Amino acid sequence: NAGVMQNPRHLVRRRGQEARLRCSPMKGHSHVYWYRQLPEEGLKFMVYLQKENIIDESGMPKERFSAEFPKEGPSILRIQQVVRGDSAAYFCASTLTSGSDEQFFGPGTRLTVL
Amino acid sequence: QKEVEQDPGPLSVPEGAIVSLNCTYSNSAFQYFMWYRQYSRKGPELLMYTYSSGNKEDGRFTAQVDKSSKYISLFIRDSQPSDSATYLCAITPPHEGGGNKLTFGTGTQLKVEL
């Protein structure tokens with residue numbers, strides 16, 4: 001039973017390019033959370049999605065960042081026109097229900113912006 | 001003031017020592033308290049979870065919550081080199097149907113030496 005999968009594990013982009021990060025939740029899970037971990041900082045909540053719906057995006061930067069979780073396929077976190085400050089580890093976590101207490105984390109995508 | 005404060009360490013202890021990791025939080029509305037362990041270059045994994053004041057034990061690990069002081073602790077007995085990791089406290093407000101976003105401390109880096 002595969003856990004949460006994220007790809008790519010490492011992503012290098014030049015300033016101004018787009019970054020697409022993918023997250024496949026655990027089998028049977030339809031709730032996904034995205035967190036960002038900046039160097040020397042803890043994980044910060046970004047967005048919470050259910051299939052085809054964004055439920056809470058209070059942690060998302062207002063510009064350049066978007067997320068989706070389509071009916072079929074992985075959840076995608078998209079960063080347009082990346083800047084150096086976007087360099088971080090991005091983790092997704094999945095849960096079975098909205099009230100689930102345990103979030104299962106993926107291995108993360110480490111984004112480096114040159 | 002940060003919602004969750006955690007001493008970043010690093011903390012270095014000899015094998016077999018008792019380790020005490022601590023967090024404080026500011027919002028009394030937070031009701032669910034968790035400890036995650038994160039190995040280098042990996043995603044966080046849930047160690048302990050509790051929602052009430054008092055102690056909860058699981059093997060060598062004990063989670064302690066003092067809601068009156070807004071203070072949470074994780075104790076590791078008979079520490080092993082394999083316990084070397086970053087330990088993150090995480091808290092969450094009551095479930096309100098809008099998901100269960102976690103607020104993390106910055107993490108304490110622990111090294112258990114032979």
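R64(A) has a relative accessible area of 24% and is therefore partly exposed; buried means under 20% relative accessible area, exposed over 50%, and partly exposed in between, with a 1.4 Å probe and protein chains only. The residue is found in the loop between β6 and β7 (65–68) of chain A, and its phi is near 75°, a positive value in a residue other than glycine. Strands (E, at least two residues) and helices (H or I, at least four) are DSSP runs, numbered from the N terminus.

The model is predicted: local features need pLDDT of at least 70, side-chain atom pairs count only at pLDDT 80 or more, and totals for chains, interfaces and linings use all residues. Residues are numbered from 1 along each chain as its sequence is written, chains are lettered from A and ligands numbered from 1 in the order in which they are written, and side-chain values use heavy atoms, with hydrogens and water left out.

Two further backbone features were found in chain A. E52(A) is not a glycine, yet it has a positive phi of about 65°. Its place is in the loop between β5 (43–50) and β6 (53–56) of chain A, and E52(A) counts as exposed because its relative accessibility is 56%. N7(A) and P8(A) are joined by a cis peptide bond with an omega of about -5°. P8(A) is found in the loop between β1 (5–7) and β2 (10–13) of chain A. Most residues other than glycine have a negative phi, and most peptide bonds are trans.

Chain B contains 11 strands and zero helices. Among the elements of chain B, strand β2 (residues 11–14) has the highest mean pLDDT (96) and strand β5 (residues 45–50) the lowest (90).

The C-alpha trace of chain B spans about 45 × 30 × 25 Å along its principal axes. Of the 114 residues of chain B, 43% count as buried. Contact means heavy atoms within 4.5 Å; of the contacts in chain B with a separation of 6 or more, 54% are between residues 24 or more positions apart.

E45(B) lies in strand β5 of chain B and counts as partly exposed because its relative accessibility is 32%. Leaving aside residues up to four places away in sequence, E45(B) touches W35(B), Y36(B), R37(B) and Y39(B). E45(B) and P93(B) are 48 residues apart in sequence, and their C-alpha atoms are 20 Å apart in space.

Technical notes: pLDDT is the predictor's confidence in each residue, from 0 to 100.
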